[in-house]
Amino acid sequence: MTRRRFLQGALSASAFVRCVAKVPLFAKTAGNVAPGSVAPSIDATAFHPSIFLGIQADGTVLIVAHRTEMGNGVRTSLPRIVADELDADWSRVEVIQGDGDERYGSQDTDGSHSVREFFDTLRETGATARLMLVRAAAQQWGVPEAQCVADPAHVVSHKASNRTIGYGELAALAAKQPVPKKEELKLKSPSEWRYIGKPAPGYDVTDVCAGKPLFGMDVRVDGMLYAAIAHPPVLGGKVKSVDDSATLKFKGVKQTIPIDPFTPPHHFQPLGGVAVIADNTWSAFKGRDALKIEWDNGEHAVYNSPDYKKQLQETARQPGKVVHKIGDPDVEFSKGGKVIEAEYYAPHLAHASMEPPAAVADVQGEKVIVWSPTQNPQGVQEEVAKKLGLKKENVTCHVTFLGGGFGRKSKPDYAVEAAVLSKTTGKPVKVVWSREDDIKFDYFHSVAAMYIKAAVDDKGMPKAWLQRSVFPPISSTFDKDAVYGSDGEMSLGWNVIPFDVPNFRSENGKAVNHVRIGWLRSVANIYHAFAVQSFANELAYAANRDPYDYLLALIGSGHVIDVKQPADVAAKYPYDTTRLRHVAQLAAEKANWGKKKSGNGWGMGIAVHRSFLTYVASVVEVEVDNSGAVRIPNVYTAVDAGIVANPDMVISQFQGAAVFGTSIARTGEITATNGVIDQSNFHNYPVARMNDAPVYVDVQIVESQAPPAGVGEPGVPPFVPALCNAIYAATGKRVRELPLTRNGLF
Amino acid sequence: MVHLKVNGSVQAFDGDPDMPLLWYLRDILGFTGTKFGCGMALCGACTVLEDGKAIRSCSTQMKQLEGHEITTIEGISTHGPHAVQKAWAAVNVPQCGYCQTGQIMQAISLLSSKPHPTDADIDDEMSGNICRCGTYQRIRAAIKEAAKERARSQS
């Protein structure tokens, strides 16, 4: 029953009832929602002190997961925070997926901030309800509130009289209690936590393994048409002419519909092109292949990756815009001492989540219902409303599970396409992107060139450090003239480094975008950490020192450093290099660092990085054979993320980050020729598979009472340089350009 | 007309004989547990069993299936969760979960031919199935768990 009810929240009961009528087998195969059943709603419960929480008379506790599940575990971790303070029995909790609704606050599930941003709010939600239940029991029994406790779970007890009463029985009376002020709440101490910090399996694991229709790609609505879209091969391209005669001859194809090109900047607007509407996905794809379109490719047809790379590298060699300065590195550089410099390069990446973008929209007059795998449901509401000239509140966005997101599904262009096509056809339309669409028309992770130079003393420690990065910025997606990295991108591992260097300057150079630039799991940290942590390793070898010892010396004894965080963030999350040092020590210890001599094709590499407020160290072990094949038998990761809601999920995230990092480092490369993306599917954009992924990833979580920080992304940045540093230790080959395949390695 | 069995039920298909099994399962029969990932047999998200052996449904045309028996993820748990599904849950394998039905079907196929797979067997059989979340370590553990559980239940 619990699981059956869930989907009504995620995908709406009415849609299911309707598709059951049309597709009889669906009811049998899906089996999640009985026709005519009513979706549970917080508002319909006997006691609902918050939009996040309701308690039914039968004791069932409904908790809203208002953020997106995409493997990050939020449908487990967030409700368990509420359940903990509520002293609820987890087995009696039903999780409801929140629709897009600004009352929840931010639903942008990116930037690794689900737990960190909502930890306090969700605890207070649970504690508020608990207090009201306790007061209701006290009132019913006519005893002082102080004598009543929520213990065991789901029950209020009066120990003196040996009486207990369940939450369900109390719900109606609790609803009549005044909502307590925040000052009246008594949050539990960490030692009293039932769920926070305790490992738990995913709430949906059984349904996921059963293949239930949880994902956006799985949504089926009665009368729904399927659409595949021929997008302009070059960003900003337009249709010159289209011949759809062959397309329209295919069985199953209904019609073709032009989609307007966007008005720059492209933002989250559809790319434009020609849609093929059919009664199944296959016919839509086949019909699309048969379109004969002549394109006007526009200004971005000049984009050729080899030339562009040279431009970026040239820019990185010239003085750029100063981002941050400590002391005066130029004075040291002019002294004529030993100077070490290096250049690094990292290409574009595509997200390539396993579920390509897909969305269903049903436009009914002034109202629109969208079912979408989205990291940004309020963004879906906004963009659909803007495109169709409607009010945002007239757009309902049901959030499905995501078959991976990694930042791609924060951008709702594909949901807008579905809405445009539904409006044109007058029917619900499902837009399905093929893998080729997904890779060729992504919001790409930025290509970047970095230059770093250091003046070192006679012990090889840097006295001055200059670093310059150049990349087309994410802001170019929102402002077509943007050419410099934003403060946000600079804060991702570039404006300040966590090393004891008296003279330092970070710079950023100009770069013009020719494709859509977006954020991908850990964003600019990827190339910034690659450069900084590789360079630190180069300095260690130049100083003839053990890279781990040298790294600790660079970090220094540990203190709070100013990394230009906003004041409120800096107050709650000061950057304390003691914690960075500690994770380095923990990972190295676990890896038995230094016990075995590197060389002859075996080596270990280490890197550290703090991102999304979490301190991470990676030690990667490699075996490299004579052909250049790189095997990764072990990875040792140490993580200090403050309080963690669900440690098992955190372990999963860091295991996965090592695999994601392997894909980036080994083969991740998107290039363009005359503005057209060269890659299209997993044969020419390979990602890590079981036989080339790290075999074993150890994850140590530092026990901490510091406020919770991010866990979805921070595992990626240090992994890549740790791997490259390990390759250097094993082979003497320095990887300054990603991916490994550009270095005779694979 | 193509006659085949899907999850034990007899089906007759008179549509485009070139249509991949994947889209017949998903769009026509509504078995959406079988996933679309690449359309080129590169990722394994669409894995189903044909006469008990794993195939890629995205690259298997309907005209190839006359007289064959197809089992999808929806067809393996009619009498409660399959041992492989139980192992997957016990190890808490999934992150996003999108590829996991294909992984589970592939693992069932593996265990039917090799009840006690070595690490190398697992690598060989499972490396056609991509998991972008990177759950490979847990998939390996779950396969071993399922093999152990099966041996226990048969002893």
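Is A:D120 buried, partly exposed or exposed, and what is its relative accessible area? In this predicted model, A:D120 has a relative accessible area of 37%, which means that it is partly exposed.

A:D120 forms a salt bridge with A:K572, and the closest N and O atoms of the two are 3.7 Å apart. Because A:D120 belongs to helix α5 (residues 114-141) of chain A and A:K572 to helix α18 (residues 567-572) of chain A, this pair ties together parts that are 452 residues apart in sequence.

The side chains of A:R135 and A:E145 meet in a salt bridge at 3.0 Å, N to O.

Distant parts of the chain are linked here, since A:K463 lies in strand β20 (residues 462-470) of chain A and A:E332 in helix α11 (residues 329-333) of chain A, 131 residues apart. A:K463 counts as partly exposed at 30% relative accessibility, while A:E332 is buried, with a relative accessible area of 13%.

Charged residues are also joined in a network. A:D84, A:E85, A:D87, A:R123, A:R130, A:K188 and A:R194 are linked by salt bridges in this way. Over all chains, a search of the whole structure finds 48 salt bridges.

Attention can now turn to the sheet. In chain A, 7 strands form an open sheet of mixed pairing, in the order β10-β11-β8-β18-β15-β16-β17. The edges are taken by β10 (253-259) and β17 (395-399) of chain A; each has a single partner strand, so one side of each is left without a neighbour in the sheet. From one strand to the next, the twist averages 25 degrees. As for how such an arrangement is held, strands of a sheet pair through backbone hydrogen bonds, either parallel or antiparallel.

One pairing within this sheet can be followed in detail. Strand β15 (residues 358-364) of chain A pairs with strand β18 (residues 429-432) of chain A in the antiparallel sense, over 4 bridges. A:A361 stands opposite A:V429 in β18(A). Helix α9 (residues 281-289) of chain A lies across β8 (225-230), β10, β11 (273-278) and β18 of chain A, and runs at about 25 degrees to β8(A).

Leaving aside neighbours within four places in sequence, A:V622 is in contact with residues including A:W602, A:V630, A:I632, A:L723 and A:I727.

Finally, the two chains can be considered together. Their contact takes 67 residues from chain A and 53 residues from chain B. About 4,900 Å² is buried between chain A and chain B, 57% of it on carbon and sulfur atoms. A:W282, A:M354 and A:M690 supply 18% of the area that chain A buries against chain B, more than any other three residues. Between chain A and chain B, the count is 4 salt bridges. A salt bridge also brings together the side chains of A:K286 and B:D16, at 2.7 Å, N to O.

Not counting residues up to four places away in sequence, A:V659 touches A:A688, A:A693 and A:P694, together with B:G134 and B:Y136. A:G252, by comparison, is 407 residues from A:V659 in sequence and 40 Å away in space, C-alpha to C-alpha.

Methods: Residues are numbered from 1 along each chain as its sequence is written. Chains are lettered from A and ligands numbered from 1 in the order in which they are written. This is a predicted model: local features need pLDDT of at least 70, side-chain atom pairs count only at pLDDT 80 or more; totals for chains, interfaces and linings use all residues. Side-chain values use heavy atoms; hydrogens and water are left out. Contact means heavy atoms within 4.5 Å. Two strands pair if DSSP finds at least two bridges between them. Helices (H or I, at least four residues) and strands (E, at least two) are DSSP runs, numbered from the N terminus. Axes are lines fitted to C-alpha atoms, for helices over the stretch in contact, and angles run from 0 to 180 degrees between N-to-C directions. Buried area is the accessible area (1.4 Å probe) that two parts lose on being put together, summed over both. Buried means under 20% relative accessible area, exposed over 50%, partly exposed in between (1.4 Å probe, protein chains only).
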